[in-house]
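Thanks for coming, everyone. I'll keep this brief. Have a look at the model first.

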Amino acid sequence: MMKRYWWLFVCLVALLCAACSDDSSSEKKSEYRVVYSGEIKTLNYLKTSETNEFAVAANLVDGLIEYDKYGVVQPGLAKEWSSNDDATVWTFKLREDAKWITHDGKEYSNVVAQDFVDGLHYVLDAKNESSTAWIATVVKNGEAFYNGELTDFKQVGIKATDEHTVEYTLETPTPYFLSMLNYVCFFPVNGKFIEEKGDSFGTTRENFLYNGSYILDKFEPQNERVLVKNELYWDKDNVLIDRIRYKYNKEAATVAPELFLRGEIDFASIPTSIIDEWFKDDKKKSQVRQTQNNFYTYFYALNFNPQFDAEYEPDNWKVVVNNKDFRKSLFHALDRVSAMLTLEPYNPKDLLSNTITPKNFVDVDGLDYTQLAPLADIANQDSFKKEQALAYKEKAMTALEGKATFPVKVLMPYNAGSPDWANRSQVVEQQIEKLLGTDYIDIIVEAGPSTGFLSEVRRPGKFALLEANWGPDYADPSTYTDPFTVDGTYNKPELAEGYTEANGKSNYQNLVDEAKSAIDTAKRYELFAKAEAFLIDEAFVIPYSVGGSGYVASKLNPFEAQYSPFGVTAEKFKGQQLLDKPMSNDEFKEALAKWEQERANALAKAAQ
Amino acid sequence: MLWYIGKRLLQSVVTLFIILTIVFSLLRLMPEEGYLGAAADKMSPAQQEIYLTNLGLRDPLLVQLGNFYSKLLQGDLGKSVTYRTDVPVVTIIADKIMYSLAFGLGAVVLSLILGVPLGILMAQMKGRWLDRLGTGYIVIVVAVPAAVYYLVIQMYITEIFHLPMLFDVYKPITWILPLASMALAPTASYAMWMRRYMVDELNKDYIKLARAKGMKERTLMFKHVLRNAFIPMAQYLPATILFTITGSIYIESLYSIPGMGGLLVDAIQRQDNTIVQGLVLVFSSLGIIGLILGDIAMALVDPRIKLGKGESVR
C-alpha cells in the first residue's frame with residue numbers, strides 16, 4: 001500500500017517538474033513576447049477596420065505591395081505594375097511562387113489574380129458588413145454595387161485578365177492608388193475557401209488561409225495567440241523572428257512595465273504616470289525610449305454651425321466666429337506647448353504640428369509637402385504669438401462692438417473618458433483666458449459622454465471650440481481635406497460667411513476641388529498646399545499636434561520596420577529582429593536622425 | 001416538494017422573460033456609433049445606413065424582439081457582432097466558462113476545507129489564541145480592499161518565489177496564486193459565520209442538557225451543533241457555487257485567466273447586444289436556480305422545513 005502511494009507521489013512531482021520547465025530542449029528560436037488588453041474580434045481582414053486587427057492580418061496575409069523601411073513602395077504579391085496616363089487603369093503582374101497555406105502549414109493552392117477579384121467582391125457586398133468598403137469604392141462602380149444599384153459584379157472595375165494579372169479600373173483619376181492597396185480591403189482571398197466557410201471565415205485559426213510571413217499556431221481569444229514563421233512563405237529569408245507570442249492581460253497597461261523588467265515580455269508601453277520613476281532610475285532609464293510620431297493630426301476646430309444649448313449663446317458665437325480677427329486672436333493665443341505638457345512632459349515640442357498634414361507624410365522629389373509654398377511659411381513658425389493675439393483681440397472688439405456681447409462664451413467640450421483631455425482642457429481654458437482676458441472670452445469646459453462622444457457632441461455641432469483628430473487613408477494630401485469639405489462632420493467651414501464664390505461653393509472647397517483634379521503630382525501637391533495654407537491662415541482651424549505613442553521599453557528596432565503612414569504594412573514583423581537589449585532614448589534619437597537622412601536620400605532616389 | 005419546484009420554475013420563466021425584454025429594449029437605446037467602431041468617421045451616411053440595416057438594427061423593436069425569441073426557442077443565442085465577429089455566443093461562453101468554473105469551484109472547495117474547520121476550532125477555543133489569530137485574519141481580509149491584497153500577493157509572492165506573474169493553463173504552478181487569492185475572502189467569511197453559528201448553538205439549553213446527560217463531546221459537536229450551525233450556510237451554498245461561473249473580474253484580469261470575469265462589461269462596452277443578451281439569460285437563470293436550490297438544500301438539511309403548496313422558506 002505504502003509503495004503505491006510513493007509511486008503516485010513520484011509521478012506527481014515528475015508531472016509538476018515537466019509542466020513547470022520551459023521547453024528548453026527544443027532548438028533555440030527567436031521569440032518576441034508581448035501582453036495586450038484589447039482582444040481582436042475577428043481574423044477576417046476583409047471585414048475589420050480596427051488597427052489591432054490590421055496588425056494581425058498584416059502578418060498573416062500579404063497584399064499587392066509593401067513598403068521598405070523608408071516608406072518607398074516595394075513589390076509584394078505583385079512583382080510589377082503599371083498605370084495608364086490619367087491613373088484610372090492599373091495593371092498588376094503577380095509573382096508566381098506565392099501560396100495559400102492552411103493552419104497546419106500545408107499548401108492549399110497558388111495565389112492567383114482571381115483571389116483579388118474575390119476579395120473585392122466580398123468587401124463590396126454590403127451584406128458582408130465590411131467596414132472598409134468605403135475605401136474600396138474608389139474602384140469603378142464600387143459604390144453602385146455596394147448600394148445595390150448594380151447587381152452584376154462583372155461591371156465593377158476589377159478583373160483577372162489571366163491567372164497572374166489583375167487589372168483595376170477606377171472611378172476617377174487616382175495617382176495615389178498604389179498606397180490604397182496597403183489596406184486590407186484590397187487583399188486577396190481564396191474564393192473557394194471563403195465560400196466553403198461562409199460566416200465562420202476568420203473566426204478560428206482553422207477557418208483561415210495564410211499567404212503571409214506567419215501562420216497562427218494558437219488563437220485562443222482572451223488567452224493567447226501565437227504566430228509562427230510560415231516556412232512556405234515566398235520571402236521567408238526576410239522573416240527574422242521565428243515566433244510571436246501575444247499573451248492577453250486585461251491589466252496589460254499596468255503590469256507590462258513590471259513584466260518587462262522581469263524579462264517575461266519584450267515590449268511595454270511606459271505610461272506618463274510612471275515615466276518619472278523610470279527616468280530617475282539608471283537601470284530603467286537605459287531601457288526606455290520615445291516612439292516615432294504617427295500620422296494622426298490633432299487640431300482645434302472653430303465651429304461654423306453651432307447647435308449647442310441657448311445658455312451658451314450659440315447666436316453670439318456665430319457672429320464672432322465669422323470675424324477673422326476674432327478667429328486669429330484665438331489662433332495666436334493658444335500656447336500649444338503648455339497644452340502638450342499634460343501628455344508629454346519631457347519632449348512636448350516633438351509632437352507639435354503647425355499644419356494639418358503632418359511632416360514626412362508625402363513629398364515631391366524628396367521635398368516634404370509641408371515645405372511647399374505657401375504652406376512652408378505656416379509650417380515653419382509657431383502659431384503662439386502673444387502680441388499678435390492681443391492686437392487681433394483689440395481689432396475684433398472694435399469690429400464687433402454692438403454686434404456681439406463680451407465676454408464671448410466659448411463652449412469647449414471634452415470626452416469624459418480621457419483624463420488627459422480633461423486636464424488639457426483646463427490648461428487651455430486658463431491659459432487663453434489669462435492671455436486674452438475674461439472681459440473678452442469665457443471658455444466653458446464641459447465633460448461630454450465617454451460613449452458616443454462624436455455622435456453626441458462633434459457631429460451635431462454641440463461645441464464652439466473642440467480638439468479633434470483625423471487619420472490619413474492613403475498617400476495623398478486630399479486625405480487630410482475630408483473633415484473640412486462639404487461632407488465633413490467637423491466644424492463646417494463651408495458655412496463661414498463671406499467665403500462663397502460665384503459657383504456657390506466656398507473658396508476652400510474650390511481650392512480642394514481644383515487640387516483633386518490635378519494628376520501631375522508636383523502640381524497637385526502645390527494646389528493642396530495652397531488650400532491647406534488658406535484653411536489655416538483664415539484660422540478656420542488651429543493645428544495642434546500629431547499623434548504619438550508615448551514612451552516604450554522594447555526589444556525591437558523601430559527603424560527596421562516597414563514604414564507607411566497609413567494602411568497595414570507598418571504592422572509587419574517581417575524584416576525586424578530582436579535586439580539583445582532595448583534601445584535607450586539617446587540611442588533612439590541618434591538612430592532617428594540617421595534614419596531621417598537616409599530616408600530623404602531614399603525618397604529622392606525613388607523619385608528619379 | 002415537486003409541486004413547489006414546478007411552480008417556482010414556472011415563475012422563473014416569467015421573470016426571465018421580463019428581464020430579457022427589458023434588457024433587449026434598453027440595449028437598442030445605445031448610441032449607434034458603437035456599432036461602427038473605427039469606421040464611424042470614414043463611412044458616408046449612406047454607407048452607415050446600409051451597414052446598420054444589415055445588422056438588423058433598422059427593424060422595428062417588436063420585429064427585433066420577435067426574431068430574438070423565435071431563435072431563442074430553437075436554442076440559438078445568435079452570433080457575436082463586435083466582440084468576436086460571427087462566432088456563436090454559445091461558443092464564446094462555453095470557451096470561458098470552464099476556466100471560471102475550475103477556479104471558482106476550486107476556491108469554494110478550498111475555502112470550505114479551510115474556513116469551516118477554522119470556524120469550528122475558533123468556536124471551540126473561543127477567547128483563546130487561535131480564536132484571536134483567526135479573528136485577526138478575518139478582520140484584515142474584510143477590512144483591506146481585495147484589490148489591494150490581490151496586487152500585493154501578485155507583485156511580491158511571485159518575486160520572492162520566482163513564480164511567473166501570468167497564468168498558463170499548462171503550468172500547474174501558475175494556478176496556485178490565483179486560486180489561493182480567490183479563496184482568501186470566502187475562507188474568512190465561512191470561518192466567521194461558522195464560528196458565529198457554532199457559538200450560538202453551543203450556548204443553547206439542549207447542548208447543556210446533552211452535556212449534563214454525559215453525551216460524548218465529539219458526538220455532540222458533529223451530530224448536533226455542526227448540523228444545526230450549518231443550516232443557514234446551506235441556504236446560500238448552491239447560489240455561491242453556481243455564481244462561480246460568472247468568474248472573478250479582478251483575479252482573472254490580473255493573472256490573464258481567460259474566464260468569464262469581465263465578459264459582460266466588455267460586451268456592453270463593445271455594444272455586442274447578442275452576447276449581453278446571452279449573458280443576461282445565463283446569469284439570471286443561475287440566480288433563480290440558485291435560490292430554488294438553496295430552498296431545497298435547507299429543506300434537506302433541516303427536517304423541520306417542509307416545502308409544499310404555497311410554501312417557501314423565504
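At what angle do helix H10 (residues 217-242) of chain B and H13(B) pack, and how far apart are their axes? The angle is about 150°, and the axes are 8 Å apart. Before I go on, some ground rules. This is a predicted model: local features need pLDDT of at least 70, side-chain atom pairs count only at pLDDT 80 or more, and totals for chains, interfaces and linings use all residues. Residues are numbered from 1 along each chain as its sequence is written, while chains are lettered from A and ligands numbered from 1 in the order in which they are written.

Now the terms. Helices are DSSP runs of H or I, at least four residues, numbered from the N terminus. Axes are lines fitted to C-alpha atoms over the stretch in contact, with angles from 0 to 180 degrees between N-to-C directions.

Back to the pair. H10(B) and H13(B) are therefore roughly antiparallel (over 145 degrees; under 35 is roughly parallel, 65 to 115 roughly perpendicular, the rest oblique). Contact here requires C-beta atoms, placed from the backbone, within 7 Å. On H10(B), the residues that meet H13(B) include B:Phe230, B:Ile231 and B:Leu242. Their partners on H13(B) include B:Leu286, B:Gly290 and B:Val301. By class, that contact has 15 nonpolar, three polar and no charged residues. Nonpolar covers Ala, Val, Leu, Ile, Met, Phe, Trp, Tyr, Cys and Pro; charged covers Asp, Glu, Lys and Arg; the others, Gly among them, are polar.

H13(B), residues 273-301, also meets helix H5 (residues 89-124) of chain B. Their axes come within 10 Å and cross at roughly 55°. That makes H5(B) oblique to H13(B). This crossing is right-handed. H5(B) brings B:Val89, B:Ile92 and B:Ile93. H13(B) brings B:Thr274, B:Ile275, B:Gly278 and B:Val282. The count is five nonpolar, two polar and no charged residues.

Next, the two chains. How many residues of chain B are in contact with chain A? There are 36, facing 39 residues of chain A. H3(B), residues 45-54, gives the most to that side of chain B. Its share is five residues. The side of chain B divides into 19 nonpolar, 10 polar and seven charged residues.

Last, chain A. An automatic or database domain assignment gives domain 1 (38-215), domain 2 (238-293 + 549-607) and domain 3 (297-546). Nine residues of domain 2 are in contact with 13 of domain 3.

Note on methods: Helices (H or I, at least four residues) and strands (E, at least two) are DSSP runs, numbered from the N terminus. A crossing is left-handed if the near helix is turned anticlockwise from the far one by less than a right angle, and right-handed if clockwise. Two residues are in contact if their C-beta atoms, placed from the backbone, lie within 7 Å.
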